[in-house]
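Please read them with the structure open.

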Amino acid sequence: MNSQPLLKVSDLSKFYGGRIGCTKVSFDLWPGEVLAIVGESGSGKTTLLNCVSTRLTADVGSVEYRMRDGQFRNLATMAEAERRFLMRTDWGFVHQNPADGLRMTVSAGANVGERLMAIGDRHYGQIRETAGDWLSRVEIGLDRIDDQPRAFSGGMRQRLQIARNLVTAPRLVFMDEPTGGLDVSVQARLLDLIRGLVQDLGLAAIVVTHDLAVARLLSHRMMVMKDGQVIEHGLTDRVLDDPREPYTQLLVSSILQV
Amino acid sequence: MTSAGNLATYNFAYLDEQTKRMIRRAILKAIAIPGYQVPFASREMPMPYGWGTGGVQVTASILGPDDTLKVIDQGADDTTNAVSIRAFFQKVANVKVTTKTGEATVIQTRHRIPEEPLTEGQVLVYQVPIPEPLRFLEPRETETRKMHALEEYGLMHVKLYEDIARNGHIATTYAYPVKVGERYVMDPSPIPKFDNPKMHRSQALQLFGAGREKRIYAIPPHTEVVSLDFEDYPFEIQKFEKPCALCGAENVYLDEVVLDDKGGRMFVCSDTDHCEDRRNAGHVGELGVAQTEAAE
Amino acid sequence: MYVAVKGGEAAISNAHRLLADRRRGDRNLPAISVEQIVAQLALSVDRIMAEASLYDKTLAALAMRQARGDMIEAIFILRAYRTTLPRFGYSNPINTGEMLVERRISATYKDLPGGQLLGPTFDYTHRLLDPDLLNDSPVEEPITAETGHEPIMRVADILAGESLIEMEEPGEEETTPGDITREPLEFPLGRDERLQALARGDEGFLLALGYSTQRGYARSHPFAGEIRIGLVDVEVDIPELGFAVSIGKVQITECQMVNQFKGSAKQPPQFTRGYGLVFGQSERKAMAMSLVDRALRASEFGEDITAPAQDEEFVISHSDNVQATGFVEHLKLPHYVDFQAELDLVRRMRAEYEATQTGTATTEHKEAAE
C-alpha cells in the first residue's frame, strides 16, 4: 500500500504579477508521512501550501492525488464538486487562526458534526456521540459540547478545529502554522496532541511553520524555502543537525543562539 | 410633455406582453427543475416590494380572462393586503374572483396553504420574501448558488442540530426548509410548518414568486416534497389542543384571538373560507352560533 | 364576543379618502400645480427622475404631488409607471464632451480650456434663512453672455492625452451594455450594470458609503477631476435613415473622480477613475456615486476588500430605495400565522422548562425532607 506516494507535486509555480510566490517546487508525499515546510515569512511557504491544497490556482505545474481507489488524479482538472467533496472528507485544513476554520457562532458539537452531516449522516444522536468522542480525543470536556468556540481559549479553539477536520478520517491534513499565536506552554501541549493523533491515525500531513522546533517535533522530512524556492530538502534530523545550505545554517544557528 | 389623458392605460393584468413572456419562460424553467430558483428580471409593481410583488407578477403572467382568482393572506380572504391584491386584479384584468377554494383556478397566497386539498388544474401562487433557504446561514449569493449547484446542504442540518442541542427539538416553526424532488433544498415561504405536508405530491401546480429578490421557483404536481429532519428527531407539525371555537374543525391551523385583557382567548380557523364552509354545513364550535339560528 | 376582522375593503377605501383629503390640505389655499413644482422645486423633481430612472419632469412632479412630497414614495410611483412602458430601442451613448455646459468645475486644475463655470450653485451661499423668500419679492434676471460654440474639453481627456489616467475599457463593437431593468442581476456584475444600479441608487445611501471611503473605510485618495452639469443630446439611430437623429435634450450631472493608484506589474503608475452620472442637477449624488464606483473596482486593481463600500453584493443589493422601503415597511403586514407558530413553541418550551424546574424543586425538597 505504501509503495506509492499519496501526493505528487511537480514543477509548481505561482506568480503574483511580476513577483514570485513560489517556483519550480516538486516533491512526493507518502502515506503517513509528515512534511514540514519552513522558512521566513514571505519565503513562499504559505503560497505553496495553498497551491498544493487547491485553495490557490498554480500558474505552472501539477498536483496529483491518489484517490481511495488507488488512481492518481490531477487536482486542477477535477470537477469542482468532486474537489470540494474531497476537501471535506479525505482532507483537512488547519488554519493558523482557528476563527478561519471554525463556525464561531455554532456549538462545538455542531462544528465537529458538520462534516458528517455534509456527507449525509442524519441521526442526531449518533452525530452527537461521534462529536463527543472527538472532543474527548482533543481533550475538550464533554460539558463544553454545546458551547460556542467564541467562549473557548485559543488553545481549545485550535484543538476544536483539529477535531472538526479529523472527524471524517481524512488521509491528508494541511496545517498552516498550527501553533502560531499560542502561549509556549499551550503550544507544547498542542504539539504533543497533534503528534499523537498523526501517529495513531496514520495521517499524512504538510505543516507550514517558521518554527524549527515545530518541524523537529512533528515532521519526518522538511523543505527549507527562500524567495519562493526550495533550497534544501531532506530528513528532518539530517537538515537540522547537518544543514548544508548557508541559509539553512543561518536559520538553525539563529535558533540555537536564542 | 405627456398629457394626463393618455398616461394611464395599462395592459391586461398590468404587465406588458413582453414582460409576461419573460416571466412565463422563467416559470417553465422553474417547473422543469423543481425547487431550483430561477432568476428573472422582476419589474417594479404598483405595490411595494415585500408586499407580494413576486406573487403578483407570477399571477399576472398566468392569468387569462377565463380564470377565477382567490387571494388569501394569513389564510384569510379579507385581510387588507389580500383585499388590495384582489381589487388590483379585478381592476387591471377584470377576472372573476372568489373566496371559495374549490372554485378558484388560481390562488395567490401569503403565509398559508388552504385546508381544502387542492386539485388538478389549480395553481397555487406563493408570495415569497426571502427565497434562499440558506440565506441566514450564508449571506452571500455567490456562495449559496455554489452550495445549491454542488448540493452542499450540510449547513442546513447544522442549523437543525443547533436547534435540538439548544432546545431539545427543532425550533423552526415556519418557513421550514424542504427538499424537492430529492435534489434542491427550498424555502416554502413563511407558511407554518403545519402546511408543509400539503405540498408533498400535491395535485396542484405550486409556483413561488419573489419580486424583490428576483427569483421564481416551482413544485410541479405530484412532486416529492420532504421536510428536512433527523432520523431520531423526525419532522412534526404543530398540534392544537382544541378544535376551532367557531366551526369545531380539528387538524386545521388555528389563529389565536384575544378576547379581553384578562387572558381570555379563543382559537379559530386561520382559513376563513374553510371555517365558513363548515359553519354553513351546520358545524358549530364551542363559541360559535349555528348558522340557521343566526339567519333568523 | 368575537368580532371577525371583516370589512377590510371599506376600511381601505376610507383610508384612501382620508389620504386624499390630507394631500389636498387646507382648501382655502390654492392647490400647488405640477408646473410650479417643476419650476420651483426643480431639484426634488431631478432626484425623483434620477432614482426612478425616467426622464420626465411633469410626471416626476405629478408623482411628487401625489406622494405628498415623500421622495421615495414619488420615486416608487414613477418607477411603477416606467416599468410598464414598452421599449422602442436604445439611444446611442450620450456624449458629455459635447455638453451644453451650465456648470463645470475642476478641483485639479486652477484654470483649463473652457474655464471654471460656477453655474447655479449653493456653494459659497451663506446658509442664512432668507426672509425675502417668504414673500414673492422680485428676482433679478440672471446675467448672460454669449458663449463660444466650442465644446468644453473634459478633464479626464486632458489626463488621458498624457496617458496619466487609465484608459476606459476599449469599447468592443459587439458589446452592448446590460440592462438591469430587463435582466436579472447576477453577481459579480460588470461595471456597466454596477453603474446603472448606482445611478438609480438611493442618494442618502451612496452619500454615506462615499463618505465612509473618505474616512478610511477603503480610502481611494480622490480628486474631483471634473463636475459638469448641462444639456446633452439624446440620439437614436434610425435604420431607415442610416444616421442618428437627436430626439431631444436631457439635463445631466457628470462627475469624474481622479484617484491615486500605484500601478502594478501589468500597469505603470497612473490615476484611476471613479465615475458618476445622474439625471438632472445633483452634484452630491454624482460625486458620491463616483466614490462608490471607484471603491467597487477594488478587485480590478488587486486591492484588498476590507470595507463595506468595496463589497459589490452588499452595496448593490441594498442601494435601491424602492426595494428597501418595501421590505422594511412590509413588517406592517399581518404576520399572525408565523407569530402563532412561534407563540405556540415558546409556550411549549416554557412548559417544558417549568416541568424540569419543578422536577428539580421536588427532588431538592425531598432531599431536604429526608
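1. Two strands pair if DSSP finds at least two bridges between them. Helices (H or I, at least four residues) and strands (E, at least two) are DSSP runs, numbered from the N terminus. The model is predicted: local features need pLDDT of at least 70, side-chain atom pairs count only at pLDDT 80 or more, and totals for chains, interfaces and linings use all residues. Residues are numbered from 1 along each chain as its sequence is written, chains are lettered from A and ligands numbered from 1 in the order in which they are written, and side-chain values use heavy atoms, with hydrogens and water left out.

2. In chain A, strand 3 (residues 34–38) runs parallel to strand 8 and is joined to it by 5 bridges. Within this pairing, A:Leu35 stands opposite A:Ile206. Strand 7 (residues 172–176) is also parallel to strand 8, again with 5 bridges. Here A:Met175 faces A:Val207.

3. How many residues of strand 8 of chain A are buried? The count is 6 of the 6 (residues 204–209), so strand 8 is largely enclosed by the rest of the structure. Buried means under 20% relative accessible area (1.4 Å probe, protein chains only). One side carries A:Ala204, A:Ile206 and A:Val208, the other A:Ala205, A:Val207 and A:Thr209, and both faces are covered.

4. Chain B has 8 helices and 12 strands. Its radius of gyration is 20 Å, close to the 19 Å that the globule rule gives for 296 residues, so chain B is as compact as a globular protein of that length. The radius is taken over C-alpha atoms, and the rule is 2.2 Å times the number of residues to the power 0.38. Buried residues make up 60% of chain B.

5. Chain C has 12 helices and 4 strands. Its radius of gyration is 28 Å, whereas a compact globule of 370 residues would have one near 21 Å. Along the principal axes, the C-alpha atoms of chain C fill a box of roughly 105 × 70 × 55 Å; for chain B the box is roughly 60 × 55 × 40 Å. In chain C, 39% of the 370 residues count as buried.

Terms used
Buried < 20%, exposed > 50% of the residue type's maximum accessible area, 1.4 Å probe, protein only.
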